[in-house]
Amino acid sequence: MQMNLPDIRSWIQDHLGSDIKVVEQAGRKRTNEYDGVLVEVFPAVFIVDLDSSEQPAHASFTYTKILTKDIQVTFM
């Protein structure tokens, strides 16, 4: 079943405060993986507080990236 943007927003908001893993397509055969905690949810983006000590400490992602399959979100 294909999700639409309101369904995706609701799904993300239901997991506020949960551990999250985001895999982002970074080009041909390259991916970036982010592990952290879902800390904030806004109308257009959601914010992940990253576990690593590297900079930056936060990352933001749009719901449309989930819809277009540019990122894959997994809650732990």
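Hi everyone, let's start with Gln25: setting aside its neighbours within four places in sequence, Gln25 is in contact (heavy atoms within 4.5 Å) with Arg30, Thr31, Lys69 and Asp70. Before I go on, this is a predicted model, where local features need pLDDT of at least 70 and side-chain atom pairs count only at pLDDT 80 or more, while totals for chains, interfaces and linings use all residues. Residues are numbered from 1 along each chain as its sequence is written, and side-chain values use heavy atoms, with hydrogens and water left out.

Where does Gln25 lie? Gln25 lies in strand β1. Helices (H or I, at least four residues) and strands (E, at least two) are DSSP runs, numbered from the N terminus. Gln25 is partly exposed, with a relative accessible area of 41%. For these words, buried means under 20% relative accessible area, exposed means over 50%, and partly exposed is in between, using a 1.4 Å probe and protein chains only. Now look for Gln72 on the screen: Gln25 and Gln72 are 47 residues apart in sequence, and their C-alpha atoms are 8.7 Å apart in space.

Next comes Glu24, in strand β1. Is Glu24 buried or partly exposed? Glu24 is buried, at a relative accessible area of 15%. Not counting residues up to four places away in sequence, Glu24 touches Arg30, Thr31, Asn32, Tyr34, Lys65, Asp70 and Ile71.

With Tyr34, the side chain of Glu24 makes a side-chain to side-chain polar contact of 3.2 Å. A polar contact is a pair of N or O atoms within 3.5 Å; within protein, one must be able to donate a hydrogen and the other to accept it, and residues adjacent in sequence count only if both atoms are side-chain atoms.

With Lys65, Glu24 forms a salt bridge, and the closest N and O atoms are 3.7 Å apart. Glu24 lies in strand β1 and Lys65 in helix α2 (residues 63-67), so the pair ties together parts that are 41 residues apart in sequence. Lys65 is partly exposed, with a relative accessible area of 29%.

A salt bridge here is a side-chain nitrogen of Lys or Arg within 4 Å of a carboxyl oxygen of Asp or Glu. How many salt bridges are there by this rule? The count comes to two. Lys21 forms a salt bridge with Glu33, where the closest N and O atoms are 3.3 Å apart. This pair links distant parts of the chain, with Lys21 in strand β1 (residues 19-25) and Glu33 in strand β2 (residues 31-41), twelve residues apart. Lys21 is partly exposed, with a relative accessible area of 25%.
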